[in-house]
Amino acid sequence: MADPTFTPRVFSGIQPSGGLTLGNYLGMIKPAVGMQNSGDFETLYCMVDLHAITARLVPPSELIHNTREVAAGFIASGIDPAKSMLFNQSQVPEHAQLAWIFNCVARMGWMGRMTQWKDKAGKNAEAASLGLFAYPTLMAADILIYHATHVPVGEDQKQHLELTRDIAAKFNHDYGIEFFPLTEPVIGGAAPRVMNLQDGSKKMSKSDPSDKTRINMTDDADTIAKKIRKAKTDPDPLPDAVAGLEGRPDARNLVNIYAALAETTQQAVLDEHAGALFGHFKMALADLAVSKLAPIAGEMQRLMADPAEIDRILGDGAQRARALSAPILDQTYDIIGMLRS
Ligand code: TYM
């Protein structure tokens with residue numbers, strides 16, 4: 001558990017390197033809305049634009065557009081900027097300042113073991129940016145600059161959150177002070193791992209070259225229904241128990257998405273649809289997905305028509321976030337012995 005002396009505080013982020021997917025929504029945004037509304041935490045949600053440039057050069061106008069669109073996605077899904085601090089990372093310089101300190105705490109060996117680094121750098125690691133290698137120390141800084149105690153994420157971020165705890169523990173140990181909390185990952189969302197619609201063994205991702213593989217949060221009703229109809233499945237009917245989904249990744253994925261959208265269990269979905277063929281089940285799933293997602297897409301479109309208002313919200317969120325991050329950076333500098341006059 002996170003130390004009870006730390007204020008219960010949630011931080012999470014999304015890279016505005018592309019649009020939002022159903023994976024982002026179910027794996028992170030939906031649980032984030034739940035944590036906001038529980039009233040148990042202070043909540044901070046962030047478009048991590050400094051992270052978005054680590055893997056490729058995102059054209060500047062695209063980066064600005066994506067940052068606003070992800071913000072619109074958060075708000076349309078239920079993040080209330082009056083309750084949560086919603087902002088983009090680069091407007092709070094303390095993230096990058098603490099990341100530098102953490103670059104001096106984390107060890108090369110720890111960083112080299114990150115599976116996302118290995119996947120993203122691929123065979124040609126020499127050509128990858130230094131920022132991509134250092135990505136997880138910036139992520140640790142995003143979290144620890146607020147002394148955040150809880151971080152809702154999809155399963156793919158688990159290793160980065162373990163590293164965040166390692167960095168906090170090493171800093172505390174090196175300086176002999178219990179300063180940073182050991183943050184708890186919250187990976188309990190209904191769908192911590194939404195898979196690719198054309199290949200149930202791969203994660204649904206905004207960076208996949210094929211748009212058919214994912215549902216985008218901006219997709220309209222027809223597009224959502226079409227992508228679900230064309231999703232890969234197998235010829236067998238739906239089983240009557242979850243164990244019957246073993247070895248059927250595409251089938252399992254659709255059942256999982258259905259359960260997450262309907263806020264029920266996979267077993268409850270199977271109780272209702274056991275014996276159905278996928279042609280039939282996909283129609284039910286398409287109706288459900290459209291009823292849940294199309295209103296969010298509509299609201300995003302409405303919000304995007306007023307970019308100045310989104311910018312105002314992010315500016316306000318950044319100002320409130322800085323009121324938390326600036327004193328924590330000051331204390332960090334004091335602990336380390338950075339002279340300030
Ligand atoms: P990113 O931008 O790849 O994804 C944002 C969030 O969505 C989750 N997610 C998924 N969940 C379930 N199924 C999927 N197919 C799926 N795809 C994405 C991710 O797990 C994530 O929670 N490194 C982070 C961004 C980040 C961050 C942070 C997160 C930067 N700093 C500090 C938490 C705290 C990332 O790349 O997420």
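Modeller: Domain bounds here come from an automatic or database domain assignment, and on that basis the chain is divided into domain 1 (9-186 + 307-336) and domain 2 (196-302), with 29 Å between their centres, taken over C-alpha atoms. This is a predicted model, in which local features need pLDDT of at least 70 and side-chain atom pairs count only at pLDDT 80 or more, while totals for chains, interfaces and linings use all residues. Residues are numbered from 1 along each chain as its sequence is written, and side-chain values use heavy atoms, with hydrogens and water left out.

Biologist: How do you know what area domain 1 and domain 2 bury between them?

Modeller: Buried area is the accessible area (1.4 Å probe) that two parts lose on being put together, summed over both; for these domains that is about 1,400 Å², 70% of it on carbon and sulfur atoms. Thr21, Leu22 and Ala76 supply 36% of the area that domain 1 buries against domain 2, more than any other three residues.

Biologist: Why is the pair of Glu263 and Lys30 called a salt bridge?

Modeller: The term requires a side-chain nitrogen of Lys or Arg within 4 Å of a carboxyl oxygen of Asp or Glu; the closest N and O atoms of Glu263 and Lys30 are 2.6 Å apart, so the pair qualifies. Between domain 1 and domain 2 the count is 2 salt bridges.
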